[in-house]
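Please consult the sequence and the structure shown here before reading the notes.

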Amino acid sequence: MKLLVTGGAGFIGSNFVRYMVNKYPEYNIVNLDLLTYAGNLENLKDIENAANYKFVRGDIADREFINGLFQEEKFDYVLNFAAESHVDRSITDPGIFVQTNIQGTLALLDAAKTFGVTKYLQVSTDEVYGTLGETGYFTEDTPLAANSPYSASKAGADLLVRAYHETFGLPVNITRCSNNYGPYHFPEKLIPLMIINALHDKELPIYGDGLNIRDWLHVEDHCQAIDLVLHKGRNGEVYNVGGNNERTNIEIVKTILKHLNKPESLMKFVKDRPGHDRRYAIDATKLRTELGWSPKYNFDTGIEQTINWYLNNREWWENIISGEYQDYVKSQYGGRLGVE
Ligand code: NAD
Ligand code: DAU
């Protein structure tokens with residue numbers, strides 16, 4: 001069995017590659033990643049020499065390269081994690097989001113259709129549903145109502161995946177997960193940014209009133225959900241993934257400060273994110289009842305372990321924030337590094 005995992009050097013992709021390499025020694029796993037500012041091969045140091053793992057650098061939107069790779073490797077499964085993933089960056093530079101998230105997905109779908117695959121799995125997000133008020137949950141039937149250029153590009157990709165199933169009979173699944181946390185989370189995102197700023201006694205920028213709600217899930221629980229959908233998901237179906245851990249951003253930041261024994265006076269309320277979605281909350285009943293998924297992590301212990309991981313892996317994030325890792329990528333690979 002041969003798997004293509006795109007974006008496997010990013011936060012969730014690298015956790016997923018490690019999970020699959022260890023769980024399925026009989027599978028061959030090819031990690032295709034462009035190594036943009038968010039891709040980091042250090043995330044996979046412990047498994048880089050595993051017999052069932054190979055890294056290839058490339059762009060999912062480069063059709064010639066993608067077709068060549070599919071022809072050569074004859075993949076059984078394709079899992080598309082590769083994306084521009086940060087909402088704030090999509091507000092300042094939407095073009096690269098359309099290029100990678102929509103054109104890149106289209107190039108992969110065309111290759112999957114031409115060369116044939118057992119399953120194409122699109123890793124999507126709850127942000128395609130837009131925002132919730134104080135009550136209610138996103139189900140798989142909630143209409144798409146993306147509010148940011150990032151989520152609009154992910155929604156566009158989801159519709160293409162659906163269309164390739166309906167029109168061409170491509171065997172597909174889409175997973176839509178809530179906010180992940182855990183090891184190797186890139187330091188631009190809320191949780192790692194707040195941990196690192198607090199460790200430096202720097203201000204913690206909280207957008208707006210800080211009462212926006214996200215539904216947090218440990219990255220390993222997301223990996224397990226994707227594994228289940230890949231092997232057991234019904235063709236053409238969407239599966240929501242979420243752990244019912246709704247927290248306001250202020251609650252998250254206070255938890256981090258308390259654990260690090262830092263003062264709440266570090267919190268600084270700043271200008272809100274334009275189009276800032278107020279609340280996300282996932283109904284994962286379909287995944288739980290149909291595929292038997294249940295998350296392992298309890299948020300309180302998961303967040304504590306995650307904070308400790310950042311304390312114990314300073315070199316990993318210090319190399320990123322100092323730019324040393326990108327200097328290494330440039331010297332080894334050259335070429336386009338994505339949005340910087
Ligand atoms: P990330 O930004 O940490 O990683 C993205 C990876 O994709 C990087 O390794 C980057 O180098 C690679 N990449 C970017 N453009 C590429 C291209 N053109 N070709 C090949 N590789 C490219 O993102 P993440 O947080 O790990 O998210 C992974 C996926 O999961 C994304 O599709 C995202 O939309 C989705 N998702 C993320 C979350 C979350 O909370 N982080 C939740 C739900 C869904
Ligand atoms: O819901 C899934 C999505 O979660 C994924 O699809 C995205 O790829 C991922 O980046 C994440 O999006 P968010 O916008 O929710 O994550 P972020 O970490 O950027 O922000 C989380 C919340 O914290 C959000 O309400 C904005 C707020 N925030 C964020 C940053 C970076 C702040 O208040 N201050 C900050 O400095």
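The structure is a predicted model. Around ligand 1 there are 28 residues, and 24 residues surround ligand 2. Among the helices, H1 packs with H7, their axes coming within 9 Å, and H2 packs with H4, with axes 10 Å apart.

- The residues that come nearest to ligand 1 are Ile-12, Asp-33, Ser-85, Tyr-150 and Lys-154.
- At least two residues of the shell around ligand 1 are supplied by each of helix H1 (11-23), strand S5 (119-125) and helix H5 (149-168).
- Strand S5 gives the most to this shell, namely three residues.
- By class, the shell around ligand 1 is made up of 13 nonpolar, 12 polar and three charged residues.

- An oxygen atom of ligand 1 lies 3.0 Å from a backbone N or O atom of Phe-11.
- The side chain of Asp-59 has an N or O atom 2.8 Å from a nitrogen atom of ligand 1.
- At Ile-60, a polar backbone atom is 3.0 Å from a nitrogen atom of ligand 1.
- On its own, ligand 1 has 840 Å² of accessible area, and the protein covers 96% of this area.

**Surroundings of ligand 2**

- The residues closest to ligand 2 are Thr-125, Asp-126, Tyr-150, Arg-273 and His-276.
- The shell around ligand 2 contains 10 nonpolar, eight polar and six charged residues.

**Polar contacts and cover of ligand 2**

- A polar side-chain atom of Arg-273 is found 2.6 Å from an oxygen atom of ligand 2.
- The side chain of His-276 likewise places a polar atom 2.7 Å from an oxygen atom of ligand 2.
- At Leu-190, a backbone N or O atom lies 2.8 Å from an oxygen atom of ligand 2.
- Taken alone, ligand 2 exposes 690 Å², of which the protein buries 93%.
- Helix H6 (190-199) and strand S8 (204-207) are the elements that give two or more residues to the shell around ligand 2.

**Packing of H1 with H7**

- The axes of H1 and H7 (residues 219-232) cross at roughly 60°, and the crossing is right-handed.
- From H1, the residues that meet H7 are Phe-11, Ile-12, Asn-15, Phe-16, Tyr-19, Met-20 and Lys-23.
- From H7, the partners are Val-219, His-222, Cys-223, Gln-224, Ile-226, Asp-227, Leu-230 and His-231.
- The contact of H1 with H7 has nine nonpolar, four polar and two charged residues.

**Packing of H2 with H4**

- Helix H2 (residues 63-73) and helix H4 (residues 95-115) pack at an angle of about 35°, and H2 passes H4 in a right-handed crossing.
- H2 contributes Arg-63, Ile-66, Asn-67, Phe-70 and Gln-71 to the contact.
- H4 contributes Leu-106, Ala-107, Leu-108, Asp-110, Ala-111, Ala-112 and Phe-115.
- By class, eight nonpolar, two polar and two charged residues form the contact of H2 with H4.

Definitions and conventions:
Residues numbered from 1 in each chain as written. Chains lettered and ligands numbered in written order. Predicted model: local features only at pLDDT ≥ 70, side-chain atom pairs only at ≥ 80, totals over all residues. Heavy atoms only, no water. Near = heavy atom within 4 Å. Polar contact = N/O pair within 3.5 Å; in protein donor to acceptor, adjacent residues only side chain to side chain. Areas by Shrake-Rupley, 256 points an atom, 1.4 Å probe, with all protein chains shown as cover. Helix = DSSP H or I, 4+ residues; strand = E, 2+ residues; numbered from the N terminus. Nonpolar A, V, L, I, M, F, W, Y, C, P; charged D, E, K, R; others polar. Axes fitted to C-alpha atoms, helices over the stretch in contact; angles between N-to-C directions. Left-handed = near helix turned anticlockwise from the far one by under 90°. Contact = heavy atoms within 4.5 Å.
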